[in-house]
Every structure is written in C-alpha cells, then in structure tokens.
Amino acid sequence: MNILTLMETFSAVVETGSFTAAAEKLGLSKSFVSKQVSILELDLGTRLLYRTTRTLSLSDEGGQFYNHCKIIMAEAENARAEVMDSQGAPRGKIRITIPQSLIISGFGQLLIKFQLKYPDIELEVIASGRIENLVEEGIDIALRVGQLEDSSLISCRLADCTFQVVASPQYIKKWGTPNQPADLMQHNCLIYGDSKINRGWPFRSPSGESITVKAKGSLTCNDGGLIVEAILSGLGIGFGPSFLYRKHIEEGRLQLLLSDYYQPPTTISALYPLNRNLSRRIRMLIDYLSEQLFE
C-alpha cells in the first residue's frame, strides 16, 4: 500500500485520538484504519502506538515518525495548493505563528482584512512568541519582533519598532516621572512575562552606554493584554514594543517616559524555513503585511 496513504491514516489516528474518530474523518471503516496502522508498523518494524480499550499513546518511535508525517503532509498540501493557486484565485491553508503582543495591538485585524480580500485562503493562527521548529511544526511563516540568530530561517523585514517605557497620566501624577533608567527601581514596573527582556529592561544612554535595569513590580503576566490594561489603569510603568502602545499614546491615555534612553529600533519580521519554496498565497500574505505595517 502507498506509504503516503499509510502516513495520512496514521496521522489522522494521532490527531483525532482514536481509530473510530480517524475512520470518520477519512470516510473509512474502523477495521480498515486499524489494519493500515498495523501494516505500517509491520513495514517499519516497530510499534508506533500503544493501544488500550480506552486510550492511545505514541511510542518514542511513533512520536518521531509522526513529526516526519506532519512535515510530509504539509509539503504535499503546499504542492497541491501551489498548483491550484496558479489556476485562478489564491486558495489553500497558511499556518502562521504570531506573538500575542502583535495580535492585541490590532495586528489581528490585518489578518481578518486579508481573509476578507482572499476568502479562499484558510488561516490557522497560533498565538505564540516561542521559537518553534517551523519545519517540524508544519508552520509556514512566523512573525517575530527582534533579530534572530537561527540561520535555518529566512527573515523578511516587515516594519520597525522601538521598545518604549510608558505610564498613564494618573500614575505619573501620583508617583512622579523617572528621569533616568535607574529611577525605575523606585517604581512599580509591570512585567510582560513572555518577553525575552522580561526583568532586564535594556537602555542606551545619550552617550552610547548600555544600561540594563532589573525591573520589578507587583504584576508579572504572559498576557500582554492584561499588562496594557494594568498600565492604563495606573497600576504601574510598562516596557514594550511601540506598536503595543501607539493607539493609547495617540489618545492621550499613555505617556512616553525616558525617550532619550531608548535602544535603536528593532524589526518585525516574517520568518520561514530556508529550504521551503514560498507558495503564491504565502508571498501574498507577506506582501500584504509589509504594505499595511508601518512605524
């Protein structure tokens, strides 16, 4: 039997969690699905799944093989969608990971507008700031803030941003304004827990000296939305990328602090694997975002 068919069946069993659900998804009988997995295990000479009457679990070899299956299935879908793209309106699926901070800053609205413009393109958006193995995870592109050192990824610059210190007018009225980075040690600093800079807020003095402040305060959270709401409510001082605060600064709800000490701008980039040929729909998404994003 075709190895790709066996891999598709095995992947369906893993992803649905049962032979019954996999059979329904594939439009096959449960016994046929079970037989296909057994044939695959016999061909590979190893057990891929541990079966009980109630549960299924992957063996170590099964987990490794499933990772390969995801990559191959994704590439097959990409090949199919790329040919379909060339025949008319762009269609197919794009798996994209985005830091939550980009989503809550209004970036998610750009993705919605993109889908309204290209309704035949399916987006699977994963809110994550961690650096995934894009190939193993079957991810087409990842949007990230800052420079990355992974040479296996190609980086396409979309826009620039600056990391800023902000506080609400009511906080400043009550607690005063820090005049230099060291003054932050006397303030309640709100920590965005997913940020690489986390408790070490980096600055550069007007003379070019690098300064790191070990910020501390009453709230640490990996939900950027909660941090922004806390800053707006006057709870403390925040530090983060400019796109997170732009709207609130324009509305007068937040004020910039320590602007003479900001680091040089960093980039918002779209990343994709070095060995992956971009399909038309992915190139269109990257071009669209590059046109829409600005600093």
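Reader: Where does L258 lie?
Author: Happy to start there, with a predicted model in which local features need pLDDT of at least 70, side-chain atom pairs count only at pLDDT 80 or more, and totals for chains, interfaces and linings use all residues. Residues are numbered from 1 along each chain as its sequence is written, and side-chain values use heavy atoms, leaving out hydrogens and water. Strands here are DSSP runs of E, at least two residues, and helices are runs of H or I, at least four, numbered from the N terminus. L258 sits in the loop between β13 (255–257) and β14 (266–273).

Reader: Is L258 buried or exposed?
Author: Buried means under 20% relative accessible area, exposed over 50%, and partly exposed in between (1.4 Å probe, protein chains only). With a relative accessible area of 9%, L258 is buried.

Reader: What is phi of L258?
Author: L258 is a residue other than glycine, yet its phi is positive. The value is near 55°.

Reader: Which residues make the contact between α7 and α8?
Author: Contact means heavy atoms within 4.5 Å. The crossing of helix α7 (residues 224–232) and helix α8 (residues 242–250) is made by V228, I231 and L232 of α7 with L244, Y245 and H248 of α8.

Reader: Which residues is L143 in contact with, leaving aside neighbours within four places in sequence?
Author: Good one to check on your screen. Beyond those neighbours, the partners of L143 are I96, T97, I98, P99, L102, F107, L158, S269, A270 and L289.

Technical notes: Axes are lines fitted to C-alpha atoms, for helices over the stretch in contact, and angles run from 0 to 180 degrees between N-to-C directions.
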